[in-house]
Amino acid sequence: MSSETVAAAVEDLPGRSLWMDAWRVLKRNRAAVVSAVIIGCMAVLVVIGPWFSSYRYDFTDWSNLSIEPSLATGHLFGTDTLGRDLFVRTLYGGRISLMVGIVATLVSLIIGVSYGAIAGYLGGRIDHLMMRIVDILYALPFMFLVILLMVFFGRNIVLIFVAIGAINWLDMARIVRGQTLSLKHKEFVEAAQAQGVPTFAILRRHIVPNLLGVVAVYVTLTIPQVILVESFLSFLGLGVQEPMTSWGALVKDGAEELESAPWLLIFPAAFLAMTLFCFNFLGDGMRDALDPKDR
Amino acid sequence: MSLLKVENLNVRFDTPDGEIHAVKNLSFSLERGETLGIVGESGSGKSQSVLSLVGLLAANGRADGRAELEGRNLLQLPERELRKIRGERISMIFQDPMTSLNPYLTIADQMIQVVREHEKVSKQAARSRCRDMLTAVRIPEANDRLDRYPHELSGGMRQRVMIAASLLLNPEILIADEPTTALDVTVQAQILDLMRELSERFETSTILITHDLGVVAGICERLLVMHDGELVEHGDVRTVFYEPQQAYTKALLKAVPRLDAQRPDRLIGIDASGAVSKSAAAAAAGAREMPLLEVDGVKVSFRIHAGGLWGARRELKAVDGVGLTVAPGETLGIVGESGCGKSTLARAILQLVPLSAGSVCLLGQSLAALDKPALRKMRSELQVIFQDPLASLNPRMTVGDIVSEPLWTHQPELDKAQIRRRVVDVLRRVGLAGRELNRYPHEFSGGQCQRIGIARALVLEPKLIICDEPVSALDVSIQAQIVKLLMDLQDDFGLALIFIAHDLAVVRHISHRVMVMYLGAAVEIASQQDLYDRPTHPYTRALISSVPIPDPDKERRRDRELLSGDLPSPMDPPSGCRFRTRCRYARERCRQEQPELRLVGRSQVACHFAEELLAAQ
C-alpha cells in the first residue's frame with residue numbers, strides 16, 4: 001500500500017477521544033449505568049415530585065400526627081410528630097442534600113484540580129507559596145469559619161455551599177498536587193517539554209487526564225461526605241432551618257423517634273443510602289472508563 | 001546420577017483472557033557442581049520454569065510434570081516440606097537486591113534469621129557464621145557492615161549480601177535469576193567473578209537464568225535456550241555458541257551486539273558493497289563545517305535537602321564541566337556507569353534542567369540566550385527518545401495524538417488531513433503499519449512503543465536526536481532492530497544522534513565517536529575505533545574489559561582489568577582525579593591535581609599518565 005492509500009484508509013477510521021471512549025466503556029458497565037439512571041430518577045423526583053402531592057412541606061395535618069404510611073390518608077411515607085407529610089419532606093430534603101453535594105463538590109473539583117495541578121507542575125517558590133496558603137486555610141477551624149460567615153451575611157443556604165466548598169477544595173488540591181509531582185517527572189511529560197509544548201497545553205493534555213482516576217475516586221468520596229457535613233451543620237442549627245429540611249436533618253429527627261415511629265428514619269435513610277451507594281458505583285465506573293489500560 | 005532431574009514440566013497460568021501455557025514440556029537435568037545457564041528473551045518462560053520447582057509460582061499458576069531431587073518429586077511436595085528444601089537445599093538470588101532485602105531490618109537481623117530458622121545455633125554462633133560468609137563474598141569490614149541497613153549499601157554490595165545469605169545454609173543448588181541485570185558492567189564483572197569462585201569453593205550447582213549471552217558464555221558449562229516456553233536448544237556451552245543447530249539460536253547469537261567484532265556490519269561507514277555510506281560522508285563533511293551542537297563547560301548541580309525545614313542544603317554536582325561537539329549527520333556515543341551524569345547531561349542539552357555554568361549552542365546559537373518563543377522554535381531541531389518506551393508515551397493519548405502533538409505545537413497552520421498524512425507517513429517510516437492512530441500505547445509491545453517514540457521525535461524532521469538509553473529496556477532481538485532503524489533513519493535524513501547507553505557493545509555498533517563519562521566528567525573522547533581498539537584511560541580500559549563477550553573461548557581466555565570497589569558518592573567526589581580511588585595506576589599526583597582533558601595520540605584523555613599508559617600497551 002502506498003502512503004496515500006493508507007492515509008485514505010485511515011481517513012475512514014472513526015476519531016477516538018478519551019471522553020468518547022470513556023462513555024463507550026461506561027455504557028458497558030451495568031452497575032454504573034443503573035446507578036446513573038437511579039441518580040437521574042432521584043434528581044427528577046426531588047424536583048417535580050412535590051407538585052404531585054396534595055400536602056406542603058410545612059403543613060401540619062392535625063388529624064394525622066405521627067401516623068404510619070398509608071394510601072388512605074394520602075401520606076405515602078406517613079407523617080412526623082408535627083403531622084407533616086414525610087414524602088414531601090423527604091423530596092424537599094433531597095433537593096437540598098443533592099444540591100449541596102453536587103455544587104460543593106464541583107467547586108472543590110474545579111478549584112482543587114486547577115490549583116493543585118498548577119502548584120505541583122510549576123513547583124519551586126510558586127508551589128511553596130500556594131501550598132502555604134492551603135496550610136493556612138487548613139488551620140482555620142471549619143466551625144469558626146461557618147459561624148463567622150453566618151454573623152456577617154446572615155443565615156443563608158448559599159453560605160453553606162460556600163463554606164463547604166471553601167474547605168473541601170483544600171484536600172483535593174493536596175491530593176492533586178502530590179500526583180502531579182510524580183507525574184511531572186514521567187518521561188512523556190519530559191518529552192512534551194523537550195518538544196516545546198506550552199505549559200498550559202502540557203497541563204491540559206498530559207497532567208490533568210492522568211489525574212482523572214484519583215480525582216474520580218475522590219469525588220465519589222466527597223459527595224457523601226459533603227451531604228453528611230451539611231446534616232451535621234443543620235443539627236447544630238447552622239445549616240437549613242426548620243421548617244425547610246435536608247436528608248441529614250430528617251435522619252437525625254427520625255433516629256430520635258426510632259421506637260415509636262420507625263418510618264421516620266427508614267424512608268429518608270433509604271434515600272440517602274441509595275444515593276450514596278449509586279454515586280460510589282458511578283465513580284468506580286468512571287475511574288475504570290477513564291483508564292485506557294482497563295479496556 | 002543427576003542431582004536434579006526435570007521431566008515434561010508444564011507451567012500454566014489462568015488469566016481472565018484464558019489460559020497461558022508459559023512452559024511447555026521442558027526436560028533437563030542438573031549435575032552436581034555444574035553451572036547450567038538458561039537463556040531466553042522476556043516471556044520465554046525461563047524464570048517460571050525454575051520458580052515452579054521451588055513452589056514460588058504466582059497464585060494463578062499451576063505446574064505439572066516431574067522434578068526429582070534425590071528421588072522426591074518437588075512438584076508434589078506439601079508446602080511445609082518445600083519450605084525446608086528452599087533455603088537448606090535450594091536457594092535463590094533475584095534480580096533486584098533492594099526488593100529482596102527488608103529495608104527495616106539490618107543485614108545481621110536478616111541473615112541470622114535465615115540460619116536460626118533452619119538450625120539450632122546460638123545467636124553468637126550464627127552471627128560469626130554470617131560474618132565469615134560476608135568475608136567470603138569479599139565484603140570489606142564485614143563485622144561493621146552486618147549492623148547496617150540495606151539502603152546504606154551500594155547495589156553491588158547488596159547483591160553480595162544476597163549471595164552470602166543464599167549460601168549460608170550450604171545449599172546444593174543455587175538458582176540465580178538475572179543476578180546482574182540491575183548492576184553496572186564493572187560491578188557485574190565483580191559479581192560474576194565471585195560466583196565463579198564460590199561455586200568451585202562450595203561445590204554448589206548453579207542454575208543461572210539470564211537474557212545476556214555474554215554472561216553465560218563466561219561461567220556456564222551447559223546451556224538451555226528457551227523461546228516461547230519451549231526448549232529450543234540445549235547442550236555444552238561451546239557447542240551451542242559455535243555450532244548452533246536451531247534457527248532461533250542462530251538469530252539470537254547474531255542479534256547480540258559484540259564488543260569484540262573486528263568490523264561490525266556497516267559501522268565505520270563502509271557498507272558490505274564497500275561504498276562509503278551517506279552518514280559517514282555527511283559526518284566527514286560536517287567535521288569541516290560548523291558543528292551542529294557545541295556544548296562547552298556545562299555544569300549541572302542539584303541542591304539536596306539534608307532534611308528538616310531548615311536543614312542544610314548540599315550540592316550534588318551531577319555534571320561537572322563537560323564539553324562536546326556533534327557534527328551534522330554524526331553519532332556521538334556517551335557511555336558510563338549509572339550515576340555518572342550522562343542522562344543529566346542530556347537533559348541539560350535539552351534545556352530541561354537549568355545549567356549552573358557553561359553553554360549549549362545549537363546551529364551556532366546559544367540556547368540560553370534565546371527568549372521563550374525562539375527557544376520553542378529551536379526545539380523542533382532537537383528531539384529526544386527515552387529509555388522506557390511505555391513510560392515515554394502518555395497512557396491516555398492515542399498514538400495518533402502522541403505523534404501529532406509536535407505538529408500541533410510547531411506547525412499550527414496544518415489542517416487535520418495534512419497532520420494525519422504526515423503522521424501516517426512517519427509511522428510507516430519507522431516500520432509500523434500506519435493504521436495504529438486510534439490505539440493506545442499499552443496495546444503495543446515494548447519495541448513497537450519505542451518505534452512510536454521515534455516517530456514522535458522524527459515527525460518534525462529535526463537535525464539532532466538525543467537517545468537516552470533507547471534500547472536498554474528491550475530484548476536483544478528487538479534491540480538490534482531499533483538500532484538498525486536508527487542507523488537507517490540517520491542515513492536517510494542526515495540526522496545527528498547523541499546515543500547514551502551503558503551497554504558498550506551497542507554504542508560501538510552505532511557511534512562514530514564515543515565519550516566516556518565518570519562521576520560527572522568526561523574521561524576520554526575518541527573515535528569509535530580508537531576507543532575500542534586502543535583505550536587509553538584506565539577507566540575506559542576497565543569498562544571495556546568488564547563487558548562479557550558472548551564467546552565462551554574468548555571470554556574465558558580474556559585478560560581482565562577488573563575494577564575494585566564501587567562508584568564513590570557524587571555528593572563528595574574524591575579530590576584530584578575522580579577515578580583515583582578505583583584506579584590501579586593511581587599515584588600521589590592524582591590525589592592533588594585534577595587532570596584536564598587533553599589530546600594524547602588521537603584521543604582526548606583526562607589522565608596524568610596517559611602517555612605512559614599508551615606507550616605500555
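Q: How far apart are the end C-alpha atoms of H9(A), and what would a straight helix reach?
A: The ends of H9(A) lie only 46 Å apart although the helix has 37 residues, and a straight helix at 1.5 Å a residue would reach 54 Å. The expected span is 1.5 Å times one less than the number of residues, so H9(A) falls short of that value. Please bear in mind that this is a predicted model, in which local features need pLDDT of at least 70, side-chain atom pairs count only at pLDDT 80 or more, and totals for chains, interfaces and linings use all residues. Residues are numbered from 1 along each chain as its sequence is written, while chains are lettered from A and ligands numbered from 1 in the order in which they are written.

Q: Where does H9(A) bend, and by how much?
A: The bend is about 45° and sits at A:Leu212. That angle is taken between axes fitted to the seven residues ending at a residue and the seven starting there. H9(A) is followed by A:Gly237, whose phi is positive, near 85°.

Q: How do you know whether chain A is compact or spread out?
A: Set its radius of gyration, 24 Å, against the 19 Å that the globule rule gives for 295 residues; the value is well over the rule, so chain A is more spread out than a compact globule. The radius is taken over C-alpha atoms, and the rule is 2.2 Å times the number of residues to the power 0.38. The C-alpha atoms of chain A fill a box of roughly 85 × 50 × 30 Å along the principal axes. Its secondary structure comes to 11 helices and zero strands.

Q: What does the globule rule say of chain B?
A: For 617 residues a compact globule would have a radius of gyration near 25 Å, and chain B has 26 Å, which agrees. Its C-alpha atoms fill a box of roughly 70 × 60 × 60 Å along the principal axes. Chain B holds 24 helices and 22 strands.

Q: How many residues of chain A and chain B are in contact?
A: Contact links 24 residues of chain A with 31 residues of chain B; two residues are in contact if their C-beta atoms, placed from the backbone, lie within 7 Å. On the chain A side, H8(A) gives the most, with eight residues.

Q: How do the residues of that side of chain A divide by class?
A: There are 12 nonpolar, six polar and six charged residues. Ala, Val, Leu, Ile, Met, Phe, Trp, Tyr, Cys and Pro count as nonpolar, Asp, Glu, Lys and Arg as charged, and the others, Gly among them, as polar.

Q: What makes E1(B) and E2(B) a pair?
A: Two strands pair if DSSP finds at least two bridges between them. E1(B) and E2(B) have nine, in the antiparallel sense, so they pass. B:Arg12 stands opposite B:His21 in E2(B), and a hairpin joins the two strands through two residues. E1(B) is also joined to E4(B) by eight antiparallel bridges, with B:Val6 opposite B:Ala67. E4(B) and E5(B) pair over two bridges, so they meet the cut-off of at least two.

Q: Why do E2 and E5 of chain B stand at the edges?
A: The open sheet has the order E2-E1-E4-E5, with antiparallel pairing. Strands E2 and E5 each have a single partner strand, so one side of each is left without a neighbour in the sheet.

Q: What joins E9 to E10 in chain B?
A: Six bridges join these antiparallel strands, and B:Leu223 stands opposite B:Gly235 in E10(B). They form a hairpin with two residues between them, where B:Asp228 in the turn has a positive phi of about 60°.

Q: Where are the domains of chain B, and what is their source?
A: Domain 1 covers 4-255 and domain 2 covers 380-505, with bounds from an automatic or database domain assignment. Their centres, taken over C-alpha atoms, are 37 Å apart. The contact takes eight residues from domain 1 and five from domain 2.

Terms used:
Helix = DSSP H or I, 4+ residues; strand = E, 2+ residues; numbered from the N terminus.
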